[in-house]
Amino acid sequence: MTPPQDAATNVAADSSQVGVQGIVHGDVHYYAVAPDAPAEKRFEIGARFLEGGAAGRALELIDEARALGYVTNKVCFHWLLALVSGRTRQELSAREAARLRDLDRSLTITGDDSWADGVRVVRRLLDAAGKTDADIRVLMKELDELRPTQRGMILRHMEVFLDGPLKDQMWRLVLQRACDDQLSDGRKDRVWKFFQPEPVLPRVRQPAPVAVPGATWVRAVAGTIVSVAATGHIGLLLAQNGQVPALLACVLGVAGACVAGRAGLEWRFRSGRRRAIDEAYAPGPPRRTSPPPDRLAKRVDRQFTHYLGKYVPYGMDRETWLTWTAGIRRRMRDEVADAYRDTGDKVEEFNWLIRHRAGRLRCQWERGTLWNYRRELATPPRVMAAAVFGTLACAAGGAWVAGEAVRAGGLVGIRSIALVVVAGWVAGRSWMLIALAHRRYAADQAETEKLEKDSEEAYAQWKDRLKDKPDDGEMAVWLDCDRKVLLEQALRHYQLKMSDVVAHAFIEARSGSATRARVPGGPWRYRRYQLMIFLLTADGVRQWNAVLDFPEGTFDEPQRLNYRYEAVTTVRVRQEKSKARTFELSLMDGQKITAQMIGPEMEEPQQAEDSEAVSEVTLDAAGLRHTLHVLEGVAAEGKAWMTLDRHRGDTRRENRDHPPDGRPAP
């Protein structure tokens, strides 16, 4: 075995993290097939599965559509490609091989449209594969004359199935198309959107309603009645004794009390609200004890920490920024968590709002508007002056009136004065609490309306950004192009032509804890892939590994590993109790090459989905079916696999040309 430049790659080691959430686009019905779906709908979904790389599921649905009587040129074209996509002739079952031999009876072509032309070209390619006397130039000319849709599908899905002299010719066309399409249709600007869930509508925590205890209302009303009655009694005493100046002083005292009360309310509200916000915005741990955050609040807090750590103001250190905004982060966390409390704990669905709030906070800091509330809530000097002079007027008038009332009424006057002071204090304090509660609610409501408007604008902008989210078929096409480009890198490195490769296989697995998403019924797609390509040549196996940054379409430094056929001892897919599935290839020296195909932390399927079906579609799209066929044969038969596999193919071709009983295959 040739010593590798790097040790054997263990993809599972990087993928062992659990608990990372994936996105299931519940709003997309790309692969949804109802039990009573008509034949046309079954074909349509089958065609989507073929585009998505899951040829096995595509063939099932297209077969169902044909069995229900839906047979058109387009259906025949897709059926034929689904039968051969991603497979060699030797991988076909006996029944599938018989169906391929009996195309004259099983495919009914009518008319002369582009789909019929595509079927004819595919059949000619299948007939010419492996024949040394095939006129390749004519075949290539016919392929080139097809419409782009049919030509592109043939190049994509027949890459593995063809062999013989066609192999190099087809590979040049396949590679050229892959290079042209790899970054087409704005891939770099759109792929990231596939991993974004459908955003939920914006929500804002509503202000707590005004809740004044009944006892406060009783004290306010009773105190007011008593103080008004006592004040009237004092006025009566003064009037009976002809104390006109004292009556004017009484009016001055009452007016001063009203002015002082109104200004004092404003002063207290502003200072109290500013002090509360200051406390909430203070860096470091909260000054007041509060209940610990629940699971949702913790997840929201992690997201705010992530985005605030990402959106750091220019010229500020990340840790300093996080320290300064600790209090604001807690306040925003509580607001968002309370607003979405009844939606479960899927933070991803309103992650757009968290990101927007974090970005807005940075903008406020950079513009110097974050602390504007201190200026807005500062008590104006005129309000302070009104409170002070109103209090002085009330005190001066009250003192004058008290003296005259005592002289005019004696003990009765003293009693009335005492009632005015006590009842007035109780009533004033109670009315102050009631008024503050209503002022607080009005201010919270105004702030909520402002926040709602801002959130609705952000939601509309986010929806607009996601409107060109790629569908699963586009993701599959880009990934297929990446695989072909990587395969060409491996061929160039090993100085091989495609005809030098007896067979090739690939594995597409998640790299590390990469973000993932899928549509219901479809395979998982990842931001980062671990790609493995196995080239089987006359000299042994050439393995080429690379990590793909899918949004960018770029590869990390590749790793290579070379070994003899006899070095392969076992190939299997291990299924664990957690439903995780891991591809394992063991070598004689004890090395294990592994890739985690299905992680244990995958989301529960949607209500109408079958978890096993989702796993099978994911494995099919990842190339596992073809890879297992190739590598299991190598593990079982060694280098003799090449001769035996070709012999099996020759036998099937002979049976196709000369059926044993002279009759068409069933």
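The protein has an accessible surface of about 32,600 Å², and carbon and sulfur atoms hold 54% of it (Shrake-Rupley method, 1.4 Å probe). This is a predicted model, in which local features need pLDDT of at least 70 and side-chain atom pairs count only at pLDDT 80 or more, while totals for chains, interfaces and linings use all residues. Residues are numbered from 1 along each chain as its sequence is written, and side-chain values use heavy atoms, without hydrogens and water.

Let us start with the overall fold. You will find 24 helices and 11 strands, taken as DSSP runs (H or I of at least four residues for helices, E of at least two for strands) and numbered from the N terminus. Of the 666 residues, 48% are buried, that is, under 20% relative accessible area with a 1.4 Å probe, protein chains only. Among contacts (heavy atoms within 4.5 Å) with a separation of 6 or more, 74% join residues 24 or more positions apart.

Now for the space inside. There are 6 cavities of 30 Å³ or more; a cavity is a set of points on a 1 Å grid over the protein atoms alone where a 1.4 Å probe fits but cannot get out.

Helix 21 (472–493) is among the elements that supply at least two lining residues each, as are helix 9 (148–157) and strand 2 (503–510). Helix 21 gives the most, with 4 residues.

Definitions and conventions. 1 Å grid on protein atoms, 1.4 Å probe; cavity = no way out; pocket = protein on both sides within 12 Å on 5 of 7 lines; lining within 4 Å. Points joined across faces, edges and corners; volume = space filled by probe spheres on them. Buried < 20%, exposed > 50% of the residue type's maximum accessible area, 1.4 Å probe, protein only.
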